[in-house]
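Hi,

Here is the structure I promised to pass on.

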Amino acid sequence: MISGRIACRSIALMLAAASLLPVGSASADPEPPAGGPGAELVPGVPLDLLQPAPADTADQALPPKVYEPSAEEDAVEPKDAPDATRDLVEYVTPMDALGGVKCSDEDGPHQREVERWLGRKADGEQSAADCRAIRRFQVKHRIKPAIGFAGPVTWATMRLESARKNPNAAGKCPVRAYRVACVDLDRQIAWVQTGRKVVFQPVSVRSGRKGYGTRAGWHRVYWRHKNHVSTLYNSPMPYAQFFDGGQAFHGVYGSIFTEVGSMGCVNMRLDDARALWKLLRKGDRVYVWGHRTEG
């Protein structure tokens with residue numbers, strides 16, 4: 001049993017490390033942050049199904065070479081994401097990932113925030129009652145595994161649920177007669193509004209990590225490239241819509257619910273990036289505010 005635990009932990013640490021190392025990054029790049037208490041979490045799927053995490057998001061630091069794609073190029077749709085990426089798979093502790101856990105007794109990295117959202121005593125300590133309440137939420141929103149662990153996927157889903165009715169309730173995204181893509185770094189969500197009408201419902205996003213933060217303020221979509229490939233990582237950035245230098249909205253083929261942020265872009269689940277592509281146009285305004293609290 002001891003050797004099994006050591007092996008599991010070793011796998012978890014390797015996966016966590018892999019998820020933080022940019023492919024082909026220059027040695028001069030700053031070291032990515034450890035990512036806080038969630039850095040050693042792994043996807044909550046059976047260990048034999050655990051796949052190596054993607055090395056990093058397919059962002060690029062420098063502005064891309066802008067050109068007019070041909071009609072033939074634009075007609076090609078980016079490849080679809082694997083079905084598994086549409087699932088909300090919670091990140092859990094390595095021991096919980098072994099399977100067989102019905103209700104986790106571990107404190108999650110978002111324990112206090114999740115407890116507060118559920119109206120429970122926000123002491124940051126997991127209890128049997130806390131676990132049952134978290135599990136009910138996870139079952140309702142099809143988060144797997146529904147074992148009551150207060151991880152990043154559960155917390156992101158709660159933030160998104162709170163924003164659905166009126167994402168701009170706090171008035172932080174300026175109301176204009178024209179279309180504005182709003183990016184709330186505090187809550188890690190984005191939506192589009194025209195005047196006070198929300199024309200693109202809020203979705204979860206992943207913004208830039210420490211040292212590569214998504215830049216706040218007013219921006220404008222200046223180039224849209226459906227099948228863009230990052231020149232920095234030689235990796236796909238499907239449905240890329242650049243609004244500030246090398247920073248863009250784009251889809252990813254892995255999970256966006258990681259404790260460590262992107263390299264500056266606003267990462268979206270592929271289906272959300274595709275829907276946003278159909279709405280926005282060159283010249284549309286983007287407004288970004290707040291800051292990402294995780295790494």
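Below is what turned up, going from the whole chain to the details.

A caveat first: this is a predicted model, so to speak of local features I need pLDDT of at least 70, and side-chain atom pairs count only at pLDDT 80 or more, while totals for chains, interfaces and linings use all residues. Residues are numbered from 1 along each chain as its sequence is written, and side-chain values use heavy atoms, with hydrogens and water left out.

The chain has six helices and 13 strands (DSSP runs numbered from the N terminus: H or I of at least four residues for helices, E of at least two for strands). Of its 295 residues, 49% count as buried, meaning under 20% relative accessible area with a 1.4 Å probe, protein chains only.

Now the helix pair. Helix 4 (residues 128–140) packs on helix 5 (residues 152–163) at about 70°, with the axes 11 Å apart; axes are lines fitted to C-alpha atoms over the stretch in contact, and angles run from 0 to 180 degrees between N-to-C directions. That makes the two helices roughly perpendicular (65 to 115 degrees). Ile134, Phe137 and Gln138 of helix 4 meet Thr154, Thr157 and Met158 of helix 5, contact being heavy atoms within 4.5 Å.

On to the rings: there are nine aromatic pairs (Phe, Tyr or Trp ring centres within 6.5 Å, using the six-membered ring of Trp). Tyr67, Tyr222, Trp223 and Phe242 form one aromatic cluster.

Cheers

Definitions and conventions. Parallel < 35°, antiparallel > 145°, perpendicular 65-115°, else oblique. Phe/Tyr/Trp six-rings, centres within 6.5 Å; stacked < 30°, edge-to-face > 60°. Buried < 20%, exposed > 50% of the residue type's maximum accessible area, 1.4 Å probe, protein only.
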